[in-house]
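Here are my notes on this one, written as numbered points. Have the model open while you read them.

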Amino acid sequence: MSAVFDILASAGLWAAVFRIATPLILGTLGALLCERAGVLNLGIEGIMTFGAMIGWLTVYNGADLWTGFLVAALAGGLFGLLHAGLTVTLGLSQHVAGLGVTLFAASFSYYVFRLAVPVAGTPPTITPFQPIAIPGLSDLPFVGPAFFVQTPPTYVAILLALVLAYLIFRTPLGLAIRMTGENPHAAEAQGINPMAVRYGAVIAGSALMGMAGAFLTLSAFNSFFPTMVQGRGWICIALVVFSSWRPERALLGALLFAFFDGFQLRLQTVLGGAVPYQLFLMIPYVLSIAALALMARRARVPQALMQPYRRGER
Amino acid sequence: MRFERREHRSVALVIATPLIAIASALAIAGVLIVIAGAPVLEAYWRILQGAFGSRLAATETLTRATPLILTGLAAAVAFRARLWNIGAEGQLYFGAITVAWASSRFLGDMPSILQIPLLLMLGALAGMALLLVPLWMRLRFSVDEVVTTLLLNFVAVLIVSMLIDTVLKDPMAFGWPQSQPVADAAMLPKILARSRLHIGLLIAVVLALVLAFVEARTVFGLQSRAAGLNPQGAAYAGVPLKRTLVIVACISGGLAGLAGAVEVMGVQGYVTTELSRGYGYSGIVVAMLANLNPFGVVLAGLFTATMFVGADGMSRSLGIPSYIADVIVALSLLTMLIAVFFTQYRIRR
């Protein structure tokens, strides 16, 4: 019991929570934006993989870290364009199209990576983002090192969650996105072009997914390896439901989730070999499933989610 | 520009669709091969040679096609009823580990003629059990099964990893995490001597035939299709939706579990976490390429296996990363989706 308390009282845990949460925040926001406009984007897992690869590769070839981040976002946007083409223009099954995008983006990442970086015993590394202490706040006892010494993308992710919450609920553009996700026919009657809104939302959302992936290679780790995304994309899809499609709750959900993950990582080292480590690794996935079961009924799903829109067709 | 539904679909067009899709995928992947600095036609020729150029290569390709046909059938059956089972990977591992456990612990002394069918059945049951969890969650809490089946894949592999690290660990494996082997009597007979090709292929093909019959000629086949096309309409017409979905899930999960059992009993003899090379996920592509048709699944499974086996050889001789096979397979899913769309719609200005 005191071990548990020690973990909770260590600033290291809380700092780690924000680090673990960052890709989840970005990915969940991306998936949420797509779904608010009515498009489920299961391309997320592959887009994150590609973002992680291309962001890393850009920096490895001499660009600076922010350029790597930007390239990952652009690449994510391109995959978003592909997904939107399949699901918005052609109106294909969003489930299958998304899985296709994931399979393609992931295998394409591995192909490009293998082509650019020859097989080596130890994977090559880059110098990742370094934590930045916020002046003043970071000097506070406990709270400072726990919350205010993070790498820059973490601050960006938190800021983006707040910006997106404002955008979706407080601006005309946000209203257009929500209407398109709830009732595209009504949106069109109001002079909104549902196709354009969906394209925009899916491209922007996928760009966020690309950034989520890039965080893994440019901040959390310093190298790229296949299967490093490890289902984080699918967890984000679950977190969207858990957050009931609200950005500010997505932020809290991702942090709550990261808390459990960070906690189990530390518990692993305390308990050592007494419990198989796989049981700990299972926790994030099991938690996601539990969260889905808990929230699915209560969540307010965008009514036109997964329904293709064709002008003049009901 | 807008799309208009085609009133009539010619049979020739439907048959040509996957061929057009595959050709397009190969063309796009060709660009990637050029970028890598290799001659495209030679690369594809070497893939063919690598997959069929010798007796060994051909039997290897057929061996690799076996689990792909089974997971392809698992996806096809489920998708037809709009049950999005993306969890074949996890179900496959559940089937595999169950077989290793049962044979190494209890059934090892049983003669082949009893042990093999019993183990295959247990493997299928394990796959079923894993799919019934997300199905129950869909029916009870209306949770989208896509995400839950995907997440359960990770859970299943971790459970297997834990078991082969602890209670089912093979003490003779020099510390490698691998399961205790199945008994010799549990190994599937070979189709051809001096090859790895086992009767799992025959099992897969026979099951494809059975499924084709069930889907085309039985009440259940009709009900499962109706449940997929229009659930409300089907319910109104008296289709027992829940029961239909449960049966579909049992078949789908069972086939995926069987894929794992067959892979252990036919090829490797034991379980590691590298048993499946993404067979569960490739099965989705196989099913879509086949347009969810069981006969088509056999051919699509063969195509996918050709790419995977052939790319290994091509990669060694031309220096192209063998991931090109995964790229081609994924691309052919996307091109197939687009091609099917254009068999259903035409462009109108």
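1. Salt bridges, to begin with. I count a salt bridge when a side-chain nitrogen of Lys or Arg is within 4 Å of a carboxyl oxygen of Asp or Glu. A:Glu248 and A:Arg246 qualify, with their closest N and O atoms 2.9 Å apart. On accessibility, the scale is buried under 20% relative accessible area, exposed over 50% and partly exposed in between (1.4 Å probe, protein chains only). A:Glu248 comes out partly exposed at 28%, and A:Arg246 is partly exposed at 27%.

2. Ground rules before going further. This is a predicted model, where local features need pLDDT of at least 70 and side-chain atom pairs count only at pLDDT 80 or more, while totals for chains, interfaces and linings use all residues. Residues are numbered from 1 along each chain as its sequence is written, chains are lettered from A and ligands numbered from 1 in the order in which they are written, and side-chain values use heavy atoms, with hydrogens and water left out.

3. Other salt bridges. Over all chains, the search of the whole structure turns up nine. One of them joins B:Glu42 to B:Arg46, at 2.7 Å from N to O. Both of these residues sit in helix α2 (residues 40-52) of chain B, four residues apart, or about one turn of the helix; helices here are DSSP runs (H or I, at least four residues) and strands are too (E, at least two), numbered from the N terminus. B:Glu42 is partly exposed at 31% relative accessibility, and B:Arg46 is partly exposed at 29%. B:Lys169 and B:Asp165 also form a salt bridge, with 4.0 Å from N to O. B:Lys169 is partly exposed at 26%, as is B:Asp165 at 28%.

4. How big is the interface between chain B and chain A? Together the two chains bury about 4000 Å², and 82% of that is on carbon and sulfur atoms. Buried area here is the accessible area (1.4 Å probe) that two parts lose on being put together, summed over both. B:Leu151, B:Phe154 and B:Tyr323 lose the most area on the chain B side, together 15% of what that side buries. In residue terms, 47 residues of chain B are in contact (heavy atoms within 4.5 Å) with 46 residues of chain A.

5. What holds up on the polar side of that interface? The rule finds zero salt bridges between chain B and chain A. It does find five residue pairs in polar contact, both residues at pLDDT 80 or more. A polar contact is a pair of N or O atoms within 3.5 Å; within protein, one must be able to donate a hydrogen and the other to accept it, and residues adjacent in sequence count only if both atoms are side-chain atoms.

6. Where the chain B side comes from. β1 (2-5), α1 (11-35), α5 (112-141), α6 (145-165), α11 (279-289) and α13 (324-344) of chain B each supply at least two residues of the side touching chain A. The largest share, 13 residues, comes from α6(B). By class, that side has 38 nonpolar, four polar and five charged residues. Here Ala, Val, Leu, Ile, Met, Phe, Trp, Tyr, Cys and Pro count as nonpolar, Asp, Glu, Lys and Arg as charged, and the others, Gly among them, as polar.

7. B:Ser161 is buried at 13% relative accessibility. Leaving aside neighbours within four places in sequence, B:Ser161 is in contact with A:Tyr277, A:Gln278 and B:Thr273.

8. Aromatic pairs. Rings of Phe, Tyr and Trp (its six-membered ring) pair if their centres lie within 6.5 Å, with planes under 30 degrees apart called stacked, over 60 edge-to-face and the rest tilted. A:Trp66 and A:Phe129 have ring centres 4.9 Å apart and planes at 65°, so they are edge-to-face. A:Trp66 belongs to helix α4 (residues 65-89) of chain A and A:Phe129 to the loop between α5 (94-116) and β1 (132-133) of chain A, 63 residues apart. A:Trp66 is partly exposed at 40%, whereas A:Phe129 is buried at 7%.

9. In chain B, B:Phe3 and B:Phe341 make an edge-to-face pair, 5.0 Å centre to centre with 90° between the planes. This pair links strand β1 to helix α13 of chain B, across 338 residues. B:Phe3 is buried at 13%, and B:Phe341 is buried at 2%.
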